[in-house]
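Please look at the sequence and the structure before reading on.

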Amino acid sequence: MSLPLEYSVTLPDGNTFTQPTGLFINNEFVKSVSGKTLDSINPSTSEVNGTVYCAEEEDVDIAVKAARAAFKDWKKVTGVDRGILLNKVADAFEAQRDLIGAIEAWDSGKTKEQNAVYDIDECISCFRYFAGWADKIQGKVIQNDPKKLAYTIHEPLGVCGQIIPWNYPLAMAAWKLAPALAAGNVVVLKTSEITPLSLLYVARLFKDAGFPAGVVNIISGFGAVAGKALSSHLDVDKIAFTGSTATGKLIQQAAASNLKAVTLECGGKSPLIIREDADLEQAVKWAAIGIMSNQGQICTSTSRVYVHESVYDKFLEEYTAHVKEAYKQGSMFDSEAVVGPQVSKVQRDKVLSYIEIGKKEGARLLLGGEKNSEGELSKGFYIKPTIFADIKPEMRIVNEEIFGPVVVVGKFSSDEEVITYANQTQYGLGAAIFTKDITVAHTMAAEIQAGMVWINSSNDSDVHIPFGGVKMSGVGRELGEYGLSIYTQAKAIHVNLGNKL
Amino acid sequence: MSLPLFVPIKLPNGTTYEQPTGLFINNEFVQSKSKKTFGTVSPSTEEEITQVYEAFSEDIDDAVEAATAAFHSSWSTSDPQVRMKVLYKLADLIDEHADTLAHIEALDNGKSLMCSKGDVALTAAYFRSCAGWTDKIKGSVIETGDTHFNYTRREPIGVCGQIIPWNFPLLMASWKLGPVLCTGCTTVLKTAESTPLSALYLASLIKEAGAPPGVVNVVSGFGPTAGAPISSHPKIKKVAFTGSTATGRHIMKAAAESNLKKVTLELGGKSPNIVFDDADVKSTIQHLVTGIFYNTGEVCCAGSRIYVQEGIYDKIVSEFKNAAESLKIGDPFKEDTFMGAQTSQLQLDKILKYIDIGKKEGATVITGGERFGNKGYFIKPTIFGDVKEDHQIVRDEIFGPVVTITKFKTVEEVIALANDSEYGLAAGVHTTNLSTAISVSNKINSGTIWVNTYNDFHPMVPFGGYSQSGIGREMGEEALDNYTQVKAVRIGLSQ
């Protein structure tokens with residue numbers, strides 16, 4: 001008896017819905033050719049949330065073929081019409097905000113009221129923003145030669161493979177799908193094997209909005225199998241990946257099979273710098289939200305905090321008190337909870353191992369540093385918000401990405417010193433600077449090696465503003481107008497108006 | 001008994017709708033302070049449709065106060081996606097009310113339903129395009145070295161005055177209001193006195209779409225008593241006008257004499273429509289017809305001077321004559337009517353006078369040349385041949401379904417003829433030769449060149465005139481320039 005293509009779910013908040021399990025190809029949910037499936041685990045209870053069909057190489061091939069066939073007609077659809085479809089998707093997210101937020105919380109461990117529903121708002125904003133761009137993708141006319149009409153058109157790349165992570169399943173899907181579709185591409189998107197459920201539910205919204213069959217294809221599967229097949233596929237024109245730096249390297253290599261375009265959003269170990277003249281109360285709050293949101297599972301989390309020696313002790317005292325008070329831990333459907341469980345057992349164990357490393361390396365533990373086994377929480381993958389202080393530059397917990405609610409804090413005495421610390425890792429994703437000095441703010445922002453710098457805030461991202469990293473944090477920028485350029489290519493057309501041989 | 005603020009109007013299709021009659025200020029329909037009203041007439045029946053309230057200078061003052069307060073509210077400083085939402089909702093509402101709007105337009109302007117339905121669709125499409133721009137207005141960061149951080153910002157200009165014509169009442173309202181709503185400006189918009197109705201209906205949709213009070217104010221009134229106070233108002237920072245070149249001149253003067261408010265103008269035209277020997281005859285004829293008979297020729301960019309290369313002249317003239325004579329003219333509410341009525345007695349008289357001048361100047365009437373019927377302001381599609389370049393009917397804008405047709409020999413000759421005009425709004429080029437198309441387009445002094453098409457608009461393509469056809473561009477990304485101003489911020493980074 002093979003797995004049914006859908007099953008009913010009732011969530012702890014009372015929401016009920018039908019969860020699809022198939023691979024979404026050509027606007028239909030289908031079984032994997034081999035019948036292979038994978039389980040998705042509830043991070044709060046360790047139980048199986050559901051089983052879904054799992055794509056292997058042959059399924060990826062079917063999806064790519066569907067996308068390629070759809071591209072022929074999709075290329076002819078006007079930007080105005082693409083914008084209308086994207087707006088319909090935004091409308092649908094808006095109409096079901098509570099339910100979709102609940103599904104996202106249920107499968108990812110995000111707390112629903114304090115976290116997941118805001119991700120849904122971000123999805124809406126992202127689809128609306130790129131819907132507005134769809135009819136505004138313009139080439140240039142280059143007027144240097146009266147005997148030639150030279151112009152560029154910004155054409156879509158074609159079939160785009162997209163691989164997204166588990167930390168923001170729907171938001172990451174929105175960041176990938178919206179610009180790609182606005183620019184006229186067709187997509188095959190693979191979700192993370194840890195969080196396959198929410199996007200399968202949402203897939204139907206694309207069909208309902210009127211996207212033709214084959215334009216949007218969504219598959220569940222493992223990175224090593226389906227991800228590999230997609231990134232090395234000879235008929236895929238571009239691969240876009242968000243995930244770990246280690247996997248990013250593999251994807252870039254696999255893409256060499258047909259020289260497909262590659263964009264990568266990888267890891268980070270973003271520094272947050274607090275100077276002597278900073279507004280300390282604000283710095284404390286932003287430094288908390290910058291690492292404890294989403295259980296610290298954010299690529300741009302400001303996971304290293306450097307505080308000027310003159311305010312170091314005061315900061316640590318206020319910071320510890322603030323995190324303890326404001327970052328309540330609880331399950332996804334606990335409306336007061338800010339910090340939920342880590343997404344999986346593997347992630348939880350990885351974070352715990354870094355905590356042990358930190359203790360061994362001699363960092364001072366100010367808060368947390370262990371599992372949270374209180375009552376019901378013992379069933380899930382909970383880690384207490386953790387603060388390490390008195391770090392030294394060579395510590396592993398200072399240089400390696402932990403991806404959990406664990407922050408490391410150190411002191412500095414001069415701007416030159418802290419800029420060196422900021423730039424010491426292999427990463428360069430985000431950075432935050434707290435100061436009132438305009439000169440220092442702008443010059444430090446210019447000197448720090450990062451794709452994004454926040455001055456007097458942290459993780460204050462916005463769909464209008466480009467997002468991405470330098471060094472081992474990635475290649476390319478998503479979001480903003482820049483986000484369109486990674487989904488188009490310029491074709492230059494020369495019309496001879498009189499150059500005769 | 002004063003005029004009610006809402007009047008039921010029965011449409012020829014049997015439905016009745018509520019027509020607002022007041023001045024729309026601060027999201028409310030109000031009586032004019034003087035309580036004065038004026039009537040608007042249906043051009044296809046010559047009967048009065050309804051009275052509406054008439055704005056005078058004191059009402060303009062009230063509207064400007066409302067717009068000023070609204071500009072200083074969070075409207076222009078809050079998240080642009082708020083404005084995006086209003087514009088998308090407005091477009092959706094226009095789609096919902098499309099049928100009513102098309103009927104109001106045909107009733108008040110006289111144009112056929114065929115034309116007014118197209119206007120309504122373009123109106124919704126333009127608001128939708130503007131919605132997408134709201135959060136994409138950007139400045140630049142300019143590198144001048146380590147000592148400074150320089151950036152530019154594009155900021156909304158502020159309170160605008162907008163004066164629109166009677167030939168596309170609803171569509172012209174959208175070209176003006178779209179960028180205002182998009183950029184965070186606020187406005188006082190005055191409709192043409194002969195076509196006040198559709199913009200008032202639109203105003204109620206703008207309120208329903210969520211525009212805060214005072215952002216959009218719509219008043220009905222006459223040029224000298226309501227338009228003039230707008231162009232010279234000390235608190236209006238920018239005036240946008242579409243209409244005749246003569247009035248445009250007054251407005252620019254008044255703007256300069258009052259407070260140097262910014263001015264954009266969409267004025268008249270006498271656009272050349274050029275047919276080369278190698279043109280595709282069948283489709284060219286369609287574009288010649290659209291060029292001058294669409295919207296009964298009451299189009300600023302009408303292709304009102306046709307130039308045909310000698311090799312194809314006779315064929316084109318004969319087929320164009322046949323096409324003109326087979327156009328359906330009459331009751332705007334009949335599904336297959338192409339040409340409705342001219343918009344007013346005044347316009348009718350003006351066009352008939354030019355037809356008379358043409359005959360006296362010695363031009364040949366190839367077809368038409370007279371009124372159609374004796375009720376309603378209908379004129380037969382009119383083609384004049386055997387004209388000379390210095391004839392008045394070749395030089396002056398007639399603004400009706402009257403076109404001149406002239407033979408030419410060479411490319412150089414026709415480019416000179418095309419450019420011999422004080423206007424420069426649009427031009428048409430019909431050819432199957434790519435080089436001809438591009439090099440002729442590059443040489444004609446007009447703001448829009450249509451190649452193998454005509455009167456063919458899209459929200460993303462800018463429109464506006466060279467020379468005395470105007471200043472500035474509407475639609476496209478360029479429209480945003482008219483409603484924003486650039487601020488440069490240069491920060492000294494002292495070490």
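## The interface by area

The area buried between chain A and chain B is about 1,900 Å², and carbon and sulfur atoms give 63% of that area; buried area here is the accessible area (1.4 Å probe) that two parts lose on being put together, summed over both. Of the area that chain A buries against chain B, 25% comes from Lys136(A), Thr439(A) and Leu497(A), more than from any other three residues.

This is a predicted model, in which local features need pLDDT of at least 70 and side-chain atom pairs count only at pLDDT 80 or more, while totals for chains, interfaces and linings use all residues. Residues are numbered from 1 along each chain as its sequence is written, chains are lettered from A and ligands numbered from 1 in the order in which they are written, and side-chain values use heavy atoms, with hydrogens and water left out.

## Contacts between the chains

In terms of contact (heavy atoms within 4.5 Å), 23 residues of chain A touch 24 residues of chain B. The rule finds two salt bridges across this interface, each being a side-chain nitrogen of Lys or Arg within 4 Å of a carboxyl oxygen of Asp or Glu. A salt bridge joins the side chains of Lys85(B) and Glu94(A), at 3.6 Å from N to O.

On the side of chain A that touches chain B, the elements giving two or more residues are helix 2 (79-95), helix 4 (112-133), helix 14 (438-447) and strand 22 (488-496) of chain A; helices (H or I, at least four residues) and strands (E, at least two) are DSSP runs, numbered from the N terminus. Helix 4 of chain A gives the most to this side, with six residues.

## A seven-stranded sheet in chain B

Chain B holds an open sheet of seven strands with mixed pairing, ordered 16-17-18-15-14-19-20. Its edge strands are strand 16 (364-367) and strand 20 (448-451) of chain B, each of which pairs on one side only.

Conventions. Pairing = 2+ DSSP bridges.
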